[in-house]
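I opened this notebook to record what I looked up in one structure.

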Amino acid sequence: AQPDPVKHVVYLSGTWKEMGRQFADQAIEELTRYISDGISSAVSTYGWDQARELERDYLDYYEKNAPELVDLYKGMAEGLGLSYEDFMLGVISFYEEPKQTEAEESERAADNCSTVAAWGSQTADGKLLVGADWDSNGATAYFMPTVVAHPKDGNAFISESGFQGNLVMNDKGLVAAGSSGQSADEGDTGMGIPVMTSQWLVAAN
């Protein structure tokens with residue numbers, strides 16, 4: 001399947017849980033595809049028990065640092081008829097990659113996301129321009145609609161592909177763009193772009 005050439009837009013407002021439910025209602029097909037693919041990848045890579053064990057660190061991180069997102073994802077899970085824990089297996093990106101040679105890593109990086117920013121003498125009016133492309137082949141997040149959200153508590157924001165994309169902007173003027181971890185060293189671990197960009201939307205002023 002191929003995503004539509006023009007992005008759909010969903011409009012959300014209210015509490016974070018209400019917005020999660022609204023997103024599920026407006027993008028049920030896209031969300032079902034995304035979560036099904038994520039759960040399948042997690043379980044086929046690690047098996048159910050290990051995937052659950054790895055998931056715990058992410059759930060703890062969300063609960064400590066971004067409780068708004070816990071409510072958001074609980075609303076989405078409710079909309080899909082899933083438990084919060086099952087739903088989150090399809091969201092978090094904890095997949096470890098095998099060690100690669102320098103040539104393999106260079107080739108992988110060339111095939112993944114890139115971001116760019118320009119301002120001052122490099123733009124026509126001197127204002128900041130930020131852009132990103134998303135080159136992750138086969139990513140089901142491609143299908144996700146653009147989100148325009150007005151949370152009851154927090155910053156209004158735009159996210160280019162659901163809540164798992166790599167380019168977001170809030171009403172304080174903060175733009176966050178993410179590309180793949182080309183600079184990561186072997187053994188480095190982190191929360192991953194879907195976690196961090198979502199958290200920035202909530203917290204950054």
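The entries below go from the whole chain to single residues.

**Entry 1. Basis of the values**

I worked from a predicted model, in which local features need pLDDT of at least 70, side-chain atom pairs count only at pLDDT 80 or more, and totals for chains, interfaces and linings use all residues. Residues are numbered from 1 along each chain as its sequence is written, and side-chain values use heavy atoms, with hydrogens and water left out.

**Entry 2. The chain as a whole**

I looked up the secondary structure and found seven helices and seven strands in the chain. Helices (H or I, at least four residues) and strands (E, at least two) are DSSP runs, numbered from the N terminus. I noted the order of elements from the N terminus as β-α-α-α-α-α-α-β-β-β-β-β-β-α.

I then turned to burial: of the 205 residues in the chain, 40% are buried. Here buried means under 20% relative accessible area, exposed means over 50%, and partly exposed lies in between (1.4 Å probe, protein chains only).

**Entry 3. Helices α2 and α3**

I examined the packing of helix α2 (residues 28–46) against helix α3 (residues 48–65) and recorded an angle of about 115°, with the axes 7 Å apart. Axes are lines fitted to C-alpha atoms, for helices over the stretch in contact, and angles run from 0 to 180 degrees between N-to-C directions.

I listed the crossing of α2 and α3 as right-handed. A crossing is left-handed if the near helix is turned anticlockwise from the far one by less than a right angle, and right-handed if clockwise.

**Entry 4. Salt bridges**

Side chains of opposite charge can pair when their charged atoms come close. I searched the whole structure and found nine salt bridges; the criterion is a side-chain nitrogen of Lys or Arg within 4 Å of a carboxyl oxygen of Asp or Glu.

I looked up K17 and E78, whose side chains meet in a salt bridge at 3.6 Å, N to O. K17 lies in helix α1 (residues 16–26) and E78 in helix α4 (residues 67–80), so this pair ties together parts that are 61 residues apart in sequence. K17 is partly exposed at 38% relative accessible area, and E78 is partly exposed at 43%.

R21 forms a salt bridge with D25, and I noted 3.4 Å between the closest N and O atoms. R21 and D25 are four residues apart in helix α1, which separates them by about one helical turn. R21 is partly exposed, with 32% relative accessibility, whereas D25 is exposed at 51%. I also recorded that K17, R21, D25 and E78 are linked in a network of salt bridges.

I next checked R52 and D86, whose side chains form a salt bridge of 2.2 Å, N to O. This pair links distant parts of the chain, with R52 in helix α3 and D86 in helix α5 (residues 84–89), 34 residues apart. R52 is partly exposed at 25% relative accessible area, and D86 is partly exposed at 22%.

**Entry 5. A nonpolar surface patch**

I found a nonpolar surface patch of about 320 Å², made by W119, L128 and V130. Patches are made of residues with over 30% relative accessible area and no salt bridge; like charges are joined within 9 Å, and nonpolar side chains (Val, Leu, Ile, Met, Phe, Trp, Tyr) within 5 Å. Accessible areas come from the Shrake-Rupley method with a 1.4 Å probe, and for residues only the protein chains shown count as cover. I placed V130 in strand β3 (residues 129–133) and noted V130 as partly exposed at 33% relative accessible area.

Is Q164 buried or exposed? I found Q164 buried, with a relative accessible area of 6%. Q164 lies in the loop between β5 (157–159) and β6 (167–170).

I located V175 in strand β7 (residues 175–177) and noted V175 as partly exposed at 30%.
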